[in-house]
Amino acid sequence: MTRNPGSTVNTHSRTVIDRDGIERGVDALEVTDAGLYYARPVDFEHFDYQERWILPALGWVVNRFAFRPQSPAACDWYIETELIQVDDAIWRVADGYLDVYVYEGEHYHLEDAGELADGLAAGEIAVADATSALRALDRLCEALRTNDCSGHALLATFAGSLPRSRILHQGNIFTLNVS
């Protein structure tokens, strides 16, 4: 599988260039010492809104989605180990391959370790970058264990100065709290 090109956030223009190269506006954007938060509508088959916390010091990008009513929620939180570069107003996020699905308060599931191995073998990711992704994964797994597999607790611990999630989960329904 070919490595995805990642995304870029421009805090001055309040836009995101997604992995497809399309520039999109955001509804909310906040930057603190902990990282960057943004929220925006998305047009995907299974969900229609995304919140994202980009945490450079940890190498994590934490995602939360508002799933469409007809789509079963895949997880409560989707966390990526990414390679993050910040240059003034420009935040670049490159694919670190490793993804973790978090089921709030229950467990987490790692995906794409084989994809990372394939990317290394194909020369799509440098050894130093793969090592950074693996270290970020180790920090993440330990943090999830320490925080009882809670994305809410994880963000409170490591990104307390950034906004909390506005996406509410009740049963199998995810909705956006706009108040």
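Student: Which are the buried residues of helix α1 (residues 113-121)?

Tutor: Keep in mind that this is a predicted model. In α1, the buried residues are E115, L116 and G119. Viewed down the axis of α1, these buried residues fall within an arc of 100°, so they line one face of the helix.

Student: What do the buried residues of α1 pack against?

Tutor: Their partners are β9 (90-103) and α2 (127-146). Follow the chain just past α1 and you will find G123, which takes a positive phi of about 75°.

Student: And which residue is found in the loop between α1 and α2?

Tutor: I125 is found there.

Student: Which residues does I125 touch, not counting residues up to four places away in sequence?

Tutor: I125 touches R3, L83, D95, Y97, L116, G119, L120 and A130.

Student: Let's move on to the nonpolar core. Which residues of the largest nonpolar core touch the most other members?

Tutor: This core has 32 residues, and the ones touching the most other members are W53, L55, W60, V62, I79, L140 and L154. At least two residues each come from β5 (35-41), β6 (47-55), β7 (60-67), β8 (77-87), β9, α2 and α3 (151-158). The element that gives the most to this core is α2, with 8 residues.

Student: Could you zoom in on one member?

Tutor: Take V62. Not counting residues up to four places away in sequence, V62 touches E51, R52, W53, L55, W77, Y78, I79 and L155.

Student: How many of the 7 residues of β5 are buried?

Tutor: The count is 6 of the 7, so β5 is largely enclosed by the rest of the structure. Now look at its partners. Strand β4 (residues 28-32) pairs with β5 in the antiparallel sense over 5 bridges, and E30 stands opposite Y37 in β5. These two strands form a hairpin with 2 residues between them. β5 and β6 also run antiparallel, joined by 6 bridges, with A39 opposite E51 in β6. That hairpin has 5 residues between its strands.

Student: R40 is found in strand β5. Which side chain of opposite charge is nearest to R40?

Tutor: The nearest is D18, 4.5 Å away. A salt bridge needs a side-chain nitrogen of Lys or Arg within 4 Å of a carboxyl oxygen of Asp or Glu. R40 is buried yet has no salt bridge. Leaving aside its neighbours within four places in sequence, R40 is in contact with D18, R24, G25, V26, D27, Y49 and Q50.

Student: To finish, which residues are buried in α3?

Tutor: G151, L154 and L155 are buried in α3. They cover an arc of only 95° around the axis, which puts them on the same side of α3. The buried residues of α3 pack against β6, β7, β8, β9 and α2.

Note on methods
Residues numbered from 1 in each chain as written. Predicted model: local features only at pLDDT ≥ 70, side-chain atom pairs only at ≥ 80, totals over all residues. Heavy atoms only, no water. Buried < 20%, exposed > 50% of the residue type's maximum accessible area, 1.4 Å probe, protein only. Helix = DSSP H or I, 4+ residues; strand = E, 2+ residues; numbered from the N terminus. Arc of directions from axis to C-beta. Contact = heavy atoms within 4.5 Å. Core = buried A, V, L, I, M, F, W, Y, C linked by side-chain atoms within 4.5 Å. Pairing = 2+ DSSP bridges. Lys, Arg positive; Asp, Glu negative; His and termini not counted.
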